Structures are given as structure tokens and as C-alpha cells.
Amino acid sequence: MVRSFVQAALLGGVVAVLLALQCPPTVGFQAATGYHIPSSWKPDSPSFLTKHKASNVVESDSPRTAAAPIEEAIDFIQDETEELLNSFGASEEEKKKIRKGLNLEKDRLEAGMLVGPPGNERTVYEGDLLVHRNHGLCRFEQAVGQRTGDARRKGFLLQFADQQVTLPLGQAELLTRYKSREQAGENPKLAKFTGRRGWSTKLQKAKLHTDKLAKDIMMLYADRDGRYREPCLPDGEEMWAFEAGFHFQPTPDQRTAFEAVMKDMVWRKRPMDRLICGDVGFGKTEVAMRAIYRAVRNGRQVALLAPTTVLAAQHLRTLRRRMPDVAVECLRGGNTRENRRTKERLAAGELEVVVGTHALLGNKVAFQRLGLVVVDEEQRFGVAQKEKLKAASADVDVLTLSATPIPRTLQMSLSGLRDMSSIYTAPEGRQNVSTTVARMGQEVIREAIQYELDRDGQVFYVVPRVAMVEEAVETLQQLVPGVRVAVCHGQMKGTEDVIVQFTLGSADVLVATTIIENGLDIPNVNTIVVQNADMLGLSQLYQLRGRVGRSNRDAHAYLLHGGRGLTSDAMMRLAAMKQMSTLGCGREVARRDLDIRGAGSILSTKQKGGGVGEFGLDLYMQVLEESMAELRGTALTPALACAVALPGLPDPDAAAHLGDALPAAYIPDPAARRQAYNRARVADTREELVAIAEEWNAAYGPPPARVKRLLKVRHLQVAGRTLGVERIAARGADVVLSARGMEFDNWETLVGQVPARAIKHEMAFDPREGTREGPEVVIQGLAKEKPTAQVNYLLGLLIHLTEYVNNIQKRTILLKQR
């Protein structure tokens, strides 16, 4: 039971889907760029770039044991166990059961092991049900030592229906997680190790199922990519100055999210639909702030949708503080004069950003140039409201923020309708919130509040029901004479004003319901007392605790319960909150929901006939990834943007805001010049670039040297993006291709298609394991050549490789359609 509240259900990889690119013709390329492709560089007969690792496992001597986050997140209490159990008023039998569960859980978590393919590993524990790729369902009994030569290392002791098997650690990627020990039940139906034929038949059915699903996903992507909105211009000095106004050091996860959203808005032709998943107080709002400012700088209106008026009011204050030069207003419910005026200004284009609750989805709300919709805590909105949101934002960028959306996120990621960025790194200076679980008592409440007041801080006092508010106020005023108390709940008017005044220090204690659980950020509040905490759910308790600890002060959460009469589930919820006091535990809380619901309901797939239920989510996703790779013909993941930094080729995007990318003398009209620049910048294929160059030639005459250089850069970028290359840059005597998603097998296959006589410079693949940038290909000595020779060599190499990849994709699609 304890484990169900603290088990980390680490997800498998999310499917990345790539639309098949048409193989572009060579005709017109020389005219556009002045470069000719050598006839010696012709694609040989293609072979698939897909990889099926599970069928050809190479054992590794390196240990693959679970990393630290789980153990750090669940710091099991030792000395405090008795005090906690006594506060529950538990019987001796209940104490014995809980105490044993806690001790066993600690032992099991310390024995956690990693399974699954490299890069998509999950932590599993003794007693969990696993799926062996070649043999089926089994139970992980324990980690064992296994002698290999003179070395001794860990392996897996697996229980099948007919025998126990020890699997070497090097074959851990053959295993995927199926269910936790609690979900498995008393007598799970294990597979026979010797019955491979039946399992192979089931796996073949699953493959047919995922093949069909892969085609559906490709159709969804085609529909999504069929929509177009003009991309934002690359960030310039105004955007950089705004980013510098963020007075905190961004975490690595935040930087990754910033970059992902920027690429969505600047380098994609289709509207953005990205979900930012991050723990409470970990910086999701700053991601939204930068997206909003970018949209406004590009002449677009923004709507920020919040689930409560309290949160909407906080966003309004944040926006006005960060963007004093931007017209921002809040649209509230009701037909007031202020609301009517706000709607008129929106329709006229006078307002640049509007914040509100469900009132923003009203039929009478009209925008002149809506370009971005930001949704905070989407799971708090109803189905009808979300349908309205979809209709309102069909062709605009959508950015969603949420702390615990794991099941929804997985469903949308698999369907290909939503991208995701995760923020699970704590901001610098943040401290763990000290959590006390205790029986309701006047002394506990008095000491907690007095401690905070003595250091000039403020306190949240939360009750589960509105009916409890009045009594709580009276109690506090008796316990702490002279204390200033404010009240806030959903059935009263003027909640925003109450919060604002409380933020300004008008009261010492805010007595509130769970209306404050989402998004409220008041750094001076570093103590929260939750009355009758046993009446609230685990996720609610976690969100409430996240309201404190938002400064460099030590923070405290007091979860108070009624003592005797608590249900076993309530005891376990409170015990789990006590254990999960480390920053970043929101992921563990959210993933518990995934374990409880099961994979079938998440994927809307029947758990039979080749669906998820027979294989578990991880293996199903693994097979689905293989189906996707086969359908598109390659396992390469394209890059969204490719930066070029070579001598003699100035970055055209860095100069975009100065008007230097395309000279005004060539395209005089500013609007036409911007459109032309953007079309070439986000072109997907060489064929598209050639068509653009021909249009320019017909409309404005032969391109000058600067425009030819620009087109060469664009051709390099198109080829690089197709191959997953994110940066092409000179480094010393070499030229380096940075390709985060590239693997050695992919590169080896690609290079094998280039005739040896055409390779003048040796190339080395560096996996750069453990780095954020990922693998890179080093073309040795190329930077010693003249700038023109460098560019021509790279164009020849990359265009040859992209033609090979495009040919594979084209032939694969034709074969699949037959």
C-alpha cells in the first residue's frame, strides 16, 4: 500500500513522428545557388536506417542500477516513525503493518534496477511485473550477483510460470515494465519461459495493431502540418533585453523549454501546440512570459487563460511588471462596463494581452489578430470549455502549463497532437519544505503561526470546506491575540482584491479553502497550515505545500488531522507527504495516477487483441516506435532548426531585425521583404527553396551576391534539419556537425552511401555521452579550406545524404501504400 503512493513510474520514450519528405529534383539548384552537385555523388541503392536493438543485444559490463532521484525523493523516516504513527492514533496492529511496509519499501527502493532501451530506461523494483521481449510476462524477484569470468556483477532473477531465469545485466534492454507490485494482484498470469511460440503470435498481433496506429498518427501529423501560420521572426535585441529582465538563473530544464518554444514559434510553419510540464514553483510561468512577449513583438495578440480569478489576477500583475510597455487587461465574468470596454479594445486591436478565466471563451469575445493562447492548469477546465478553446485556437500557437498532467500528456504525445517539455529541476536557492504531520491541537497551530510572525512572515491557513472558515478565524484570533486575519474562498466576491491586499501585507494569516492551491506565488508566505488534511487528496496536498518555499527562507508545512478514526488510505496519504518532501516530487505524485489508471484508459485502446493490456505501456510504445520508423523508412529524427556559423557566411537570422538578410535594394517593399525572408527561412525542402529563388528572379531580377549567399545558407540548413543536424560550425581546423538525435549506426549507414573517392576529409563520430548537446560529427581539416570551398563541400555532402534519406522515405511510403 505504501509503495502505491511513492512508486516512481518512469515513462518510456515519447514517439517522435516525421512526415515523409519528397525527394527534390536537382534541376534549378545550380541556378539558385551557383553550385553544381558532382556527378560522382549519386545515391547508391538504399537500405533502411532503422535499428531493432532488441533483436541484437550486445552485453555490457557497465552497471545499470537505478539513479539517485527516487532514493532522494523518498527519504524514509527512521526516528520519526513512531511519532507519526502515534499521531495517527493507530492501533498496534496498524502500526506494525505500516512500520513493516515502510522498512520493506526502503529496502526495495535501494534495490531498484534500470530496464529498457538506452535513453528510455525505467526503474523497476523487486516484485514488479516485467515483460521480456522474447518470452513474455514475468516477475522481477530480486537483483542477484552473477559470475562472469573473474568479475562479479548484478543480474535479474525473473520468475516465469514454469521456471526461474537469471538474466545478465547486459540484456536489461530486453525487459520493459508492465505493472507495479500492487497492481499485479495476488496471482498474475505469468508466461511460460519455454512457450515462445504463443508469445511470438501475440507480439505479431501487437505489431499489426501498432502498424495501423502508426498510419493513423501519420495522418494526424499530416492534418496538423497542413495548417499554416506565419512564423515569428528570430529573436533580436528587444527579446534579449526582456530575457535579461528575469532576475534568476534559469535551470537547465528551463533553458531547454525556452529553446523548444522559441523553435516552435520561430522555425515552424504550423501552429505550436506544446505542453510545459513542471513541478510547482519550478519556472513554468517564465516560459509563458517569453512566449507572450515574442508574440507581441511580432504584432500578435495573446490570450492567457487561467482556471480561477485568483490565479488570473496574479498573472495580470506579473505581466504588467514584466511588460510595462505592453497593453494588458483582465477580462472577468459578467456584463460590466469594464468588461464591455475590454472586449471593444480587443476587437479593435488596442489590447495586446488579455488575461481571464472561462470568460475568455465567450461567444462575444473577438480578437483582431490573435496569435497565441496560453492555458494555465488545463486539467482544471471542463470538456465543453476545452472544445471552445480548440475552436478558438485552431490556427494560432497554443502553450499549456501544468504541474501534474502525466496521463493527458502521454495520450497527446502518442497521438502526435502535442509536443511536451518537462521542467523538473529546482530553481537555485529553493529549499525543501519541512513537512510536519500531526494531530490537530491548539499548541501546534499557535507555535507554527507565532514562529512565522516572529520573523515578519505570513501564513496560509487552509480548510477543506467553506463552512469551516468562520470557526477557523475565531480559533486563530483566540490562539494568537492581535493576529490580522483575511479570508478567501470561492463563494465570496472580491477574492483578487483580498489576495492583492494580503500580498501587500494587510494581514498576517490568510484563511482560505483550496482555491489557493494553483499558481499562487507570495514569497513572504513560508508557512502553511492545513486543517483536516486527511480530507484532501494527495495531489491537492502536494499543490498546497507548493504554495510555500518560494524564497530563500526555510519553509514549513503542517498537515493536521483528527487523530483516531482515520482510514488506512488517509494514513498512507499523509505518510507519503511526509516522505516526499524533496523538491521535484511532483513527478512521483503525478505518475502514481498513471499507475492507478493503467495504460489502456490512457491510450483509449482496448486491452485485448494486440492492444496495450497484454504487453504493458513500455513495450507497446517500443513496438509502436518501430512501426513508425518502418513507415517513414528511417529512424532519423529531423531537427527543427539548424544554425550555420562558418567563415564567409554571416548568420542571416542574427541580422534579420536590422534588415540585412535581404537587401532593401533587391526587395524594396518591407512587408514583401519580410514575407520572402520568412518563406526561405522555414522552407522544408530543396525543391521549395529552388521555387522561391525562381520567384525572386522573376519578380526582382537576378539575385545579387548577398542573396546567393543567403540561399546557400538556407540549402545547408534544409539538408542539416533533414539529417537531425542542429548546428554547423567551424572549430579550429575542423567543421563540426552537432546532431543531438544522431546515433552511430545511423551515421555509419549514411556515410556508407558516399563514394570513397568523394570524401576528401576524414569524418569522426563523437557520441559525447552525458552532454546536453549530444553527438557530433567532426569533419577533420575542412576549416583550413577557403570559405567557398568549405561551403561547396558541405553542400555536396549533406545534399547527397538527404537525397539518400528522402529516397528511402519515398520508396517506403510507396511500398506501404501497395
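**Close-up views of a predicted model**

**Figure 1. Serine 738 lies in strand E23, which covers residues 734-738.** The model shown here and in the other views is predicted. With a relative accessible area of 17%, serine 738 falls under the 20% limit and is therefore buried.

**Figure 2. The axes of helices H9 and H10 come within 10 Å.** Helix H9 is formed by residues 252-267 and helix H10 by residues 284-297. Their axes cross at roughly 25°. That angle is under 35 degrees, so H9 and H10 count as roughly parallel to each other. The crossing in which H9 passes H10 is right-handed. On the H9 side, the residues in contact are Gln254, Ala257, Phe258, Val261, Met262, Met265 and Val266. They meet Glu286, Val287, Arg290, Ala291, Arg294 and Ala295 of H10. By residue class, the contact of H9 with H10 is made up of nine nonpolar residues, one polar residue and three charged residues.

**Figure 3. Helix H18, residues 538-545, is largely enclosed by the rest of the structure.** This description of H18 applies because six of its eight residues are buried. The buried residues in H18 are Leu538, Leu541, Tyr542, Gln543, Leu544 and Arg545.

**Figure 4. Glutamate 126 sits in the loop between strands E2 and E3.** Strand E2 covers 122-124, and strand E3 covers 129-132. The relative accessibility of glutamate 126 is 24%, between the limits of 20% and 50%, so this residue counts as partly exposed. Phenylalanine 156 is 30 residues apart from glutamate 126 along the chain. The C-alpha atoms of glutamate 126 and phenylalanine 156 are separated by 9.6 Å.

Figure 5. The protein has 818 residues, of which 56% count as buried. Among contacts with a separation of 6 or more, 77% are between residues 24 or more positions apart. The protein exposes about 35,200 Å², and carbon and sulfur atoms supply 49% of this area.

Methods
Residues are numbered from 1 along each chain as its sequence is written. This is a predicted model: local features need pLDDT of at least 70, side-chain atom pairs count only at pLDDT 80 or more; totals for chains, interfaces and linings use all residues. Side-chain values use heavy atoms; hydrogens and water are left out. Helices (H or I, at least four residues) and strands (E, at least two) are DSSP runs, numbered from the N terminus. Buried means under 20% relative accessible area, exposed over 50%, partly exposed in between (1.4 Å probe, protein chains only). Contact means heavy atoms within 4.5 Å. Accessible areas come from the Shrake-Rupley method with a 1.4 Å probe; for residues, only the protein chains shown count as cover. Axes are lines fitted to C-alpha atoms, for helices over the stretch in contact, and angles run from 0 to 180 degrees between N-to-C directions. Angles under 35 degrees count as roughly parallel, over 145 as roughly antiparallel, 65 to 115 as roughly perpendicular and the rest as oblique. A crossing is left-handed if the near helix is turned anticlockwise from the far one by less than a right angle, and right-handed if clockwise. Ala, Val, Leu, Ile, Met, Phe, Trp, Tyr, Cys and Pro count as nonpolar, Asp, Glu, Lys and Arg as charged, and the others, Gly among them, as polar.
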